[in-house]
Amino acid sequence: MTRALRVLVVDDNPGFVDNMLEILADAGYSAVGLSSCAAARAEAGRGFDIALIDMKLPDGVGTDLAAALKELNADAAVVMLTGYSTVEAAASAVRAGAFAYLSKPCATPALLLTLEQASRQVRLQADKRELARRVQTAEKLAAIGTMTAGLSHEIRNPLNAAGLQLQV
């Protein structure tokens, strides 16, 4: 069984945050509600997998927070939420590294589908990291095997020569 993914919900509307936390808990996510960029940065230090970020926050812009969170955890998925969707806002969200861009109010099935896709992305990144670690370990073991074979050859040659001299 895999662990529940940790989701940060960053929005300045407490009612929206409470609603999101309830939806996410029912869907099996471990969610934390936050109302500012500063709180989100502090909480992100404890680890997260997905962040749902409002574009307009009291102490900053959501895209700036998204970029900062992606620097903290490059494998995490960031989903931008806004009540004021524009093409420019969507483009800035993409530049900030957002996985998806949703307009509020967002239908629950659409939100959960986006989160499921983000979850797959996060898990694929984790699998990729694990496979890279395994490849590195296999390469190290192969190098040790090659070195061992070379040392064995270097030791056997003088021993074989000495054995032949003893036989003569």
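So, Lys 104 and Asp 11: they form a salt bridge, with the closest N and O atoms 2.6 Å apart. By salt bridge I mean a side-chain nitrogen of Lys or Arg within 4 Å of a carboxyl oxygen of Asp or Glu. Lys 104 sits in the loop between S7 and H5, and Asp 11 in the loop between S1 and helix H1 (14-26), so this pair ties together parts that are 93 residues apart in sequence. Helices (H or I, at least four residues) and strands (E, at least two) are DSSP runs, numbered from the N terminus.

Quick word on what we're looking at. This is a predicted model, where local features need pLDDT of at least 70, side-chain atom pairs count only at pLDDT 80 or more, and totals for chains, interfaces and linings use all residues. Residues are numbered from 1 along each chain as its sequence is written, and side-chain values use heavy atoms, with hydrogens and water left out.

Back to the lysine. Is Asp 11 buried or exposed? Asp 11 is buried, at a relative accessible area of 2%, while Lys 104 is partly exposed at 21%. Buried here is under 20% relative accessible area, exposed is over 50%, and partly exposed is in between (1.4 Å probe, protein chains only).

Lys 104 also forms a salt bridge with Asp 54, where the closest N and O atoms are 3.5 Å apart. Asp 54 belongs to strand S3, so here the parts tied together are 50 residues apart in sequence. Asp 54 counts as buried too, at 6% relative accessibility.

That strand takes us to S6. S3 (residues 50-54) pairs with S6 in the parallel sense, over five bridges; two strands pair if DSSP finds at least two bridges between them. Met 80 in S6 is the bridge partner of Ile 53. S6 also runs parallel to S7 (residues 100-103), joined by four bridges, and there Val 79 stands opposite Ala 100.

How many residues of S6 (77-82) are buried? Six of its six. Ala 77, Val 79 and Leu 81 point one way, with Val 78, Met 80 and Thr 82 pointing the other.

Last stop, helix H5 (residues 108-167). Glu 116 and Arg 120 meet there in a salt bridge, 3.8 Å from N to O. They're four residues apart in H5, which means about one helical turn between them. Glu 116 is partly exposed at 33%, and Arg 120 is partly exposed at 47%.
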